[in-house]
Amino acid sequence: MDVACGSCGTGIGESARFCGECGAPTAVSGDTAKYKHVTVLFADVVRSMDIAAAVDVERLREIMTALVERSAAVVQRYGGTVEYNGDGVMALFGAPVALEDHAFRGCLAALAIQEEANRLAAEVAQRDGVALRLRVGLNSGRVIAGEIGSGALGYAATGEQVGLAQRMESVAPPGGVMLSESTARLVEHTVTLAEPELVCVKGAGEPVCAHRLMALPGMKRPSQSFVKQNSW
């Protein structure tokens, strides 16, 4: 009997540990799982198959490794947790350590990841003659988060909020960052957003509201306790 992946909604076997469609972990340990209010970030490469067709496999691995490592460093800089890697990055802000400003940190990280991607894209364009672009999506809400199994497989979050973050990434323009309505409400007074738009996403019966993240006026920093601990 199949169950639905908490990340993308794809049917998966009950015994599967990871989704065959998106790679997300399928379950967390009941002993450690807790409800958390988080912001989920998805960053993925636009037309990654075109890049794969244009370069050899070793060079592709170099490009993707550089992208993931740079993006993961950004996530960690802003207090996030990298959950898994593929053609990009999935990250949590607000778990396992609770953060009041998780949505704002997610926005900071999203724009910084795009900046890193642009720098890498310039290198790739010069050396390989291919275009490297990212889409980034953010969504905020309550998830169940905890260690998978005994903890050997890492820390994961499950729930429909994870899936919606991935949907926001899928409708973001290349080079852009798209926020769900829930994330936009949490940061609307600290960031610059484009006019709201209705977008069609997989699994939703009706279009949902989304906002493109445009800028961070004044580049307001997170809480002072975080600044002292990370000195950025």
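Helices (H or I, at least four residues) and strands (E, at least two) are taken as DSSP runs and numbered from the N terminus. The structure is a predicted model, in which local features need pLDDT of at least 70 and side-chain atom pairs count only at pLDDT 80 or more, whereas totals for chains, interfaces and linings use all residues. Residues are numbered from 1 along each chain as its sequence is written, and side-chain values use heavy atoms, with hydrogens and water left out.

The chain contains six helices and eleven strands. Of its 232 residues, 47% are buried, where buried denotes under 20% relative accessible area, exposed over 50%, and partly exposed in between (1.4 Å probe, protein chains only). With contact defined as heavy atoms within 4.5 Å, 65% of the contacts between residues at least 6 apart in sequence join residues at least 24 apart.

In the loop between β5 (88-93) and α3 is proline 96, which is joined to alanine 95 by a cis peptide bond with omega of about 0°.

The axes of helix α2 (residues 57-77) and helix α3 (residues 102-128) come within 9 Å and cross at roughly 160°, which makes α2 roughly antiparallel to α3. Here axes are lines fitted to C-alpha atoms, for helices over the stretch in contact, with angles running from 0 to 180 degrees between N-to-C directions; angles under 35 degrees count as roughly parallel, over 145 as roughly antiparallel, 65 to 115 as roughly perpendicular and the rest as oblique. Residues making the contact include Ile63, Leu67 and Val74 of α2 and Ile113, Leu120 and Asp128 of α3. By class, the contact of α2 with α3 comprises eleven nonpolar, one polar and nine charged residues, with Ala, Val, Leu, Ile, Met, Phe, Trp, Tyr, Cys and Pro counted as nonpolar, Asp, Glu, Lys and Arg as charged, and the others, Gly among them, as polar.

Aspartate 128, found in helix α3, is partly exposed, with a relative accessible area of 22%. Leaving aside neighbours within four places in sequence, aspartate 128 is in contact with Val55, Arg59 and Ile63. The C-alpha atoms of aspartate 128 and alanine 54 are separated by 8.0 Å, although these residues are 74 residues apart along the chain.
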